[in-house]
Amino acid sequence: MSAPTGYMRRLAAAAMLLALAACSTTDIASVEEPAAAPMTGQTNDPAPGFENVAMGSEEDFILNVGRRIYFKQDSATLDSVAMATLDNQAAWLNRNPSWLLKLQGFADDSGSASSMETLSQKRADAAMAYLASKGVDARRMWAKGYGNDREVRDCTERSCKVQNRRVVTNLRTQPDAV
């Protein structure tokens, strides 16, 4: 390669780098993304798009409390993480007594359909009993076990199956029709 050709390539590369350095992605980002809501720097600031969630609403419950708890395989025993979530649910439900709740229990596919239905009912009953022990009126709650009929994920990996071993707390304004 001759000296003038090598010099010209280096010069062209330097010019490209300078041109790229002069570009700003903020102009592009402002077109592609909506402006973020002003943040106070607090860890409990709402996520963009959720600034107007009404306290005591179903959205408030889902976003700020959590409605799912999970279980070990073949178990209906509440662990410390499940109890912490249920503690938050109980506190919220006691502040918002107009809501009724349906506790839906689920299982993975680690046993027969009838044994998984029985286990999922035990899970829903355990969550309901725990909430009642924390002051939530038992007349506001009902539990239903669905076995493995409503899998979140159809998978074989152990880490994936845990998503199917759950109780979901659903808020209601009136009891389900029988």
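Modeller: Here is the sheet, then its helices, then the core.

This is a predicted model, in which local features need pLDDT of at least 70 and side-chain atom pairs count only at pLDDT 80 or more, while totals for chains, interfaces and linings use all residues. Residues are numbered from 1 along each chain as its sequence is written, and side-chain values use heavy atoms, with hydrogens and water left out.

First, the setting. The chain has six helices and four strands. Helices (H or I, at least four residues) and strands (E, at least two) are DSSP runs, numbered from the N terminus. Their order from the N terminus is α-α-α-β-α-β-α-β-α-β.

Now the sheet. The four strands make an open sheet, ordered S1-S4-S2-S3, with mixed pairing. Strands S1 (68–70) and S3 (141–145) are at the edges with a single partner strand each, so one side of each has no neighbour in the sheet. From one strand to the next, the twist averages 20°. Strands count as paired if DSSP finds at least two bridges between them. S2 (residues 100–105) pairs with S3 in the parallel sense, over five bridges. Within that pairing, Leu-101 has Met-141 of S3 as its bridge partner.

Next, the helices. H4 (residues 80–95) packs on the sheet and touches S1, S2 and S4 (166–172). The direction of H4 makes about 155° with that of S1. H5 (residues 113–133) lies across S1, S2, S3 and S4, and runs at about 160° to S3. Axes here are lines fitted to C-alpha atoms, for helices over the stretch in contact, and angles run from 0 to 180 degrees between N-to-C directions. Contact means heavy atoms within 4.5 Å.

Last, the core. In soluble globular proteins, nonpolar side chains tend to be buried together. A nonpolar core is a set of buried Ala, Val, Leu, Ile, Met, Phe, Trp, Tyr and Cys residues joined through side-chain atoms within 4.5 Å. Buried means under 20% relative accessible area, with a 1.4 Å probe and protein chains only. The largest such core holds 22 residues, and Ile-69, Leu-103 and Leu-131 touch the most other members. H4, S2, H5, S3 and S4 each supply at least two of its residues. H4 gives the most, with five. Take Leu-103: leaving out residues up to four places away in sequence, its contacts include Ala-124, Met-128, Leu-131, Met-141, Trp-142 and Val-167.

Key
Buried < 20%, exposed > 50% of the residue type's maximum accessible area, 1.4 Å probe, protein only.
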